[in-house]
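Please keep the view of the two chains open as you go through them.

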Amino acid sequence: MHVVHSRGDKVFRGIVSAGALTSLILLGLIGAFLLARGIEVFNTSGFKFLTGSNWVAGSEDGVIPNDFSIGPMIVGTAIVSLIAMLFAVPMSMAGALYLEFYAPQNVRRVLVALLDLAAAIPSLIFGLWGVQVFTSFGERWAYFLSDRLGWFPLFSTISDNFGRSPFVAGCVLASLVVPITTSVAREVYSRTPRELVDTCFALGGTKWGAIRTVVIPFGKSGVVGGAMLGLGRALGETIAVYLLLNINFRYTFKILESEGGNVASLIATKFGEATPDEIKALVAAGFVLFILTLTVNMVASAIVTRSTKGAPA
Amino acid sequence: MENVDISERSELKGTQMNETTSNTAVLETEFAGLETRDAHAWFGNHHALAGVSLQFPARSVTGLIGPSGCGKSTYLRLLNRMHEFIPNAAMAGEVRLHGQDIYAPGVDPAAMRLKIGMVFQKPNPFPAMTIRENVLSGLRLAHIKVDDEESLLEKCLTRAGLWKEVKDRLNASGGSLSGGQQQRLCIARSLAVEPEVLLMDEPCSALDPGSTLRIEETIKELAEKITVVIVTHNMQQASRVSDYCAFFLTDGGPGYLVEADQTRKMFTTPNDSRTADYVQGKFG
């Protein structure tokens, strides 16, 4: 397969390899840049940068020392993303199963096209929709949860303001994640061997029986991969969270309370008016986010590749 | 098209075709209750099968034989409505089980398939399940409650000729078995819902000769209790395993039934010269 036959082949091979290499080099350079700029902060703060809950830009005369750490933002990133996945994964699975097994041919064509379009909508639009439209619904759901389940610490609240909470932000993020996760899940479900599905019918099973017995188990790891691709998007989401959440530097696990934030929105919030030292800390925070999303995406694509390749013959 | 009734044609075993007979001598040719009347099949505009009328004898093996493209697999899939899962597939005529047209409106295809089971060409145990779960999967799918699952498990695996080989590793994955064992596991899986008829679509074509012989023995034993319809490309297999044969052919157009009779007669003195040519390997 790797035998190069002619000059034309050689040239073409060179061009495409250069293209592939460029994106790799670019990725490496971005990582290196973030690390180089942020390394000073890692050196001075050490591990505390990841666990502390202070964000104080010191005065120039040094009377007030710099104290930068992103612990609450990391926790916030995890909470908001988790809420998003909690809503997005079941919705995506249901949507994918509908598209693949229940939707009439023409409905499916239209919906699949719409889904791909939705995946391309800038997150800013989702953020605006979240602020303008969804918040009023989300508030009601949040109120309902706090009313009924307020005895549970996760759902307890201090104030009566439910609007700008991790719960609402998570819901909006879910709508952002659903298109890509649905798309991957549908792809994986469509590769279920036809004979296994036929066997379920031949054994007197219904369509739902076949889905439960073979399609969902077959697509399991692919759906996990698709969900992680969506998670990659949720983790790095900036604008939607920036519009929806009040950044607050305090560890909080109250998902209905109007405070929170994530790493990406922290950077967006602080960058405009940051001191030179603060910028270094923000770049360091960016490096943490870079590593986090890169890892999640790599694991995700590994899982997706394995699950689509490893279909039994 | 010619209307062929295997039961009426069989010379040795009497002419009874309905279940009302009280004479044990003709029990072997008792009508299984499964028949087609002027069955046609299409894939889009392609007319794949034309005017097949056939009645199946009970508790025996009927082989569907004929060259590639003659519609025998299509015909088999008509018999339990698997045909309709192929996009743009259509059919005409009747497939009757105990007088009831299984294509009639109001018939629940899932309930019907419990009575008419199917084994496919390639062994296909459910990959995420153990041997035990595979055998019992039909019960879960059809929401059937059984008092003693263990004895059903043993019974089905025994009938499929697999019990001795797997009784010590029922919780192993179905995929850990050899190809022939997997196919026998698939047969056991079909038996668990206790079908009256078992359809088999070239069940040995993906297997080695040794496994093929094992499956053929299993098929013969099954036919002591249920009706088996098997599609096969292999003339030796048809002569070894089947009691009756139905010969399908195509002249470029839709496939049709040439004749059906006792296997012994089909292989020695068939009524149609084309049957003789085919079973002697002159074409196909």
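1. In this predicted model, I would begin with two helices of chain B, namely H4 (residues 131-141) and H5 (residues 149-159), which pack at an angle of about 95° with their axes 10 Å apart. Because angles of 65 to 115 degrees count as roughly perpendicular, H4(B) is described as roughly perpendicular to H5(B). On the side of H4(B), the residues that meet the other helix are B:Arg132, B:Val135 and B:Leu136, while H5(B) brings B:Glu149, B:Leu153, B:Cys156 and B:Leu157 to the contact. Sorted by class, the residues of this contact comprise 5 nonpolar and 2 charged ones, with no polar residue.

2. For chain B as a whole, the secondary structure comes to 11 helices and 11 strands, and buried residues account for 49% of its 284 residues. If one takes the contacts in chain B between residues at least 6 apart in sequence, 67% of them join residues that are at least 24 apart.

3. The next point is how chain B meets chain A, where 22 residues of chain B are in contact with 16 residues of chain A. The elements of chain B that give two or more residues to its side of this meeting are helix H3 (109-115), strand S7 (116-119), H4 and helix H7 (179-191), and the largest share, 4 residues, comes from H3(B). By class, this side of chain B holds 13 nonpolar, 6 polar and 3 charged residues.

4. In soluble globular proteins, nonpolar side chains tend to be buried together. Here the largest nonpolar core has 158 residues, and those that touch the most other members are A:Val172, A:Leu173, B:Ala188, B:Val228, B:Phe247 and B:Phe248. Helix H6 (residues 166-189) of chain A gives the most to this core, with 15 residues. Leaving aside neighbours within four places in sequence, A:Val172 is in contact with A:Phe126, A:Gly127, A:Gly130, A:Phe134, A:Ala240 and A:Leu244.

5. Finally, is A:Arg306 buried or exposed? This residue, which lies in helix H11 (residues 276-309) of chain A, has 12 other C-beta atoms within 10 Å, and since a residue with 12 or fewer counts as exposed, A:Arg306 is exposed. A:Arg306 and A:Ser159 are 147 residues apart in sequence, and from C-alpha to C-alpha they are 47 Å apart in space.

Terms used
Residues numbered from 1 in each chain as written. Chains lettered and ligands numbered in written order. Predicted model: local features only at pLDDT ≥ 70, side-chain atom pairs only at ≥ 80, totals over all residues. Buried ≥ 20, exposed ≤ 12 C-beta atoms within 10 Å, placed from the backbone. Contact = placed C-beta atoms within 7 Å. Axes fitted to C-alpha atoms, helices over the stretch in contact; angles between N-to-C directions. Parallel < 35°, antiparallel > 145°, perpendicular 65-115°, else oblique. Nonpolar A, V, L, I, M, F, W, Y, C, P; charged D, E, K, R; others polar. Core = buried A, V, L, I, M, F, W, Y, C linked by C-beta atoms within 7 Å.
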